[in-house]
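Dear colleague,

Please find below the structure that I am handing over to you. My notes on what was found in it follow directly after.

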Amino acid sequence: MENKPILCEMKNLCTAFRIKDDYFNAVENVNLSLYQNEVLAIVGESGCGKSTLATTIMGLHNFNFTKVSGEVIFEGKNILNSTEDEYNKIRGGKIGMIFQDPLSALNPLQRIGQQIEEGLIYHTKLNAEQRKERAFELLKRVGIEKPERIYKQFPHQLSGGMRQRVVIAIALSCKPKILIADEPTGNLDAANEQNIIELLKRINEELGITIITVTHSDKVANSMQSICTVVDGKIEYVRR
């Protein structure tokens, strides 16, 4: 990995949550380099801070109850200092995220096509017909054979594996440089878990997108190129 350029770098990254009048670290002094075109697994038991690390990168914390310090250097800038408008251009545009529970991540009142096109409306200049074509393309990319039918359906009409593929399609919609997958197989059976693992690896190989996979599963972690173990909010071990 050392001969590849660094795409994103975390330096002394800390995230602390307020409980009453005190703050307690969930992520503590993380130093980590993410290389271009890498597939990195961040692995650890539930509650160790790995998902908090992911949401810190995305700038998704309420600062009335959270303290974040350190740096996340992306495209030459510490994005933790970004304004909300600047972060909105990064989220979904340059860094995509697959959230833990696809059913909760999807809007139950909107059709799948609308939800895929939402990011395209915000981040691109595609017209309505181009957005629809892009939605079909994305659904095919994630292994959905009848995109025209899925495009018109609501989340509750899809299986768990199909919903997971849809949220991956949404995260890919604006061609991000980094894709963060938070427990992408956590709610799936063994067969669908393997299918999603293979899909993420294909996305990396075919599209050149750098992927961070947050997981508690040794099987998922061991299938990735690199592994970081998180223990009590700290990066304990890195294998490359």
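Which residue lies over the face of Tyr23? The residue is Lys67, at 4.5 Å from the ring centre. Please bear in mind throughout that this is a predicted model.

Overall architecture

The secondary structure of the chain consists of 9 helices and 10 strands. The radius of gyration is 18 Å, close to the 18 Å given by the globule rule for 240 residues, so the chain is as compact as a globular protein of that length. Along the principal axes, the C-alpha trace spans about 50 × 40 × 35 Å. Of the 240 residues, 48% count as buried. Among contacts with a separation of 6 or more, 69% come from residues 24 or more positions apart.

Helix α5 covers residues 128-141. The N-terminal end of α5 is capped by Asn127, which places a side-chain oxygen 3.2 Å from the backbone nitrogen of Glu129. After the helix comes Gly143, with a positive phi near 90 degrees.

The buried residues of α5 are Arg131, Arg134, Ala135, Phe136, Leu138 and Leu139. As background to that pattern, an α-helix has 3.6 residues a turn, so residues three or four places apart point the same way. The partners against which the buried residues of α5 pack are α4 (112-123), α6 (147-151) and α7 (160-172).

One of these buried residues, Phe136, also takes part in an aromatic pair. A search of the whole structure finds 1 such pair. It is formed by Phe136 and Tyr151 in an edge-to-face arrangement, with 5.1 Å from centre to centre and 75 degrees between the planes. Because Phe136 belongs to helix α5 and Tyr151 to helix α6, the pair ties together parts that are 15 residues apart in sequence. Phe136 and Tyr151 are both buried.

Ile170 in helix α7

Ile170 lies in helix α7, and α7 is one of the helices against which the buried residues of α5 pack. With a relative accessibility of 25%, Ile170 counts as partly exposed. Leaving out residues up to four places away in sequence, Ile170 touches Leu106, Gln115 and Ile116. Between Ile170 and Thr210 there are 40 residues in sequence and 16 Å in space, C-alpha to C-alpha.

Is Arg91 buried or exposed? Arg91 is buried, at a relative accessible area of 14%, where the limit for a buried residue is under 20%. Arg91 sits in the loop between α2 (84-90) and β6 (95-98). The side chain of Arg91 makes a polar contact of 2.8 Å with that of Asn88. Beyond residues up to four places away in sequence, Arg91 touches Met58, Gly59, Leu60, Glu84 and His123.

Thr66 belongs to strand β4, which runs over residues 66-74. Thr66 is buried as well, with a relative accessible area of 6%. A polar atom of the Thr66 side chain lies 2.9 Å from the backbone oxygen of Asn62. Apart from neighbours within four places in sequence, Thr66 is in contact with Thr15, Ala16, Phe17, Tyr23 and His61. Tyr23, in this list, is also the residue whose ring has Lys67 over its face.

Two loop residues deserve a separate note. Asn37 has a positive phi, near 65 degrees, in a residue other than glycine. Asn37 lies in the loop between β2 (22-35) and β3 (39-43). At 27% relative accessibility, Asn37 counts as partly exposed.

Glu183 also has a positive phi, of about 50 degrees, although it is not a glycine. The loop that holds Glu183 lies between β7 (178-182) and α8 (190-207). In contrast to the partly exposed Asn37, Glu183 counts as buried, at 8% relative accessibility.

With kind regards

Technical notes. Residues numbered from 1 in each chain as written. Predicted model: local features only at pLDDT ≥ 70, side-chain atom pairs only at ≥ 80, totals over all residues. Heavy atoms only, no water. Helix = DSSP H or I, 4+ residues; strand = E, 2+ residues; numbered from the N terminus. Expected span 1.5 Å × (residues − 1). Buried < 20%, exposed > 50% of the residue type's maximum accessible area, 1.4 Å probe, protein only. Contact = heavy atoms within 4.5 Å. Polar contact = N/O pair within 3.5 Å; in protein donor to acceptor, adjacent residues only side chain to side chain. Phe/Tyr/Trp six-rings, centres within 6.5 Å; stacked < 30°, edge-to-face > 60°. Lys NZ or Arg CZ within 6 Å of the ring centre and 35° of its normal. Rg over C-alpha atoms; globule rule 2.2 N^0.38 Å.
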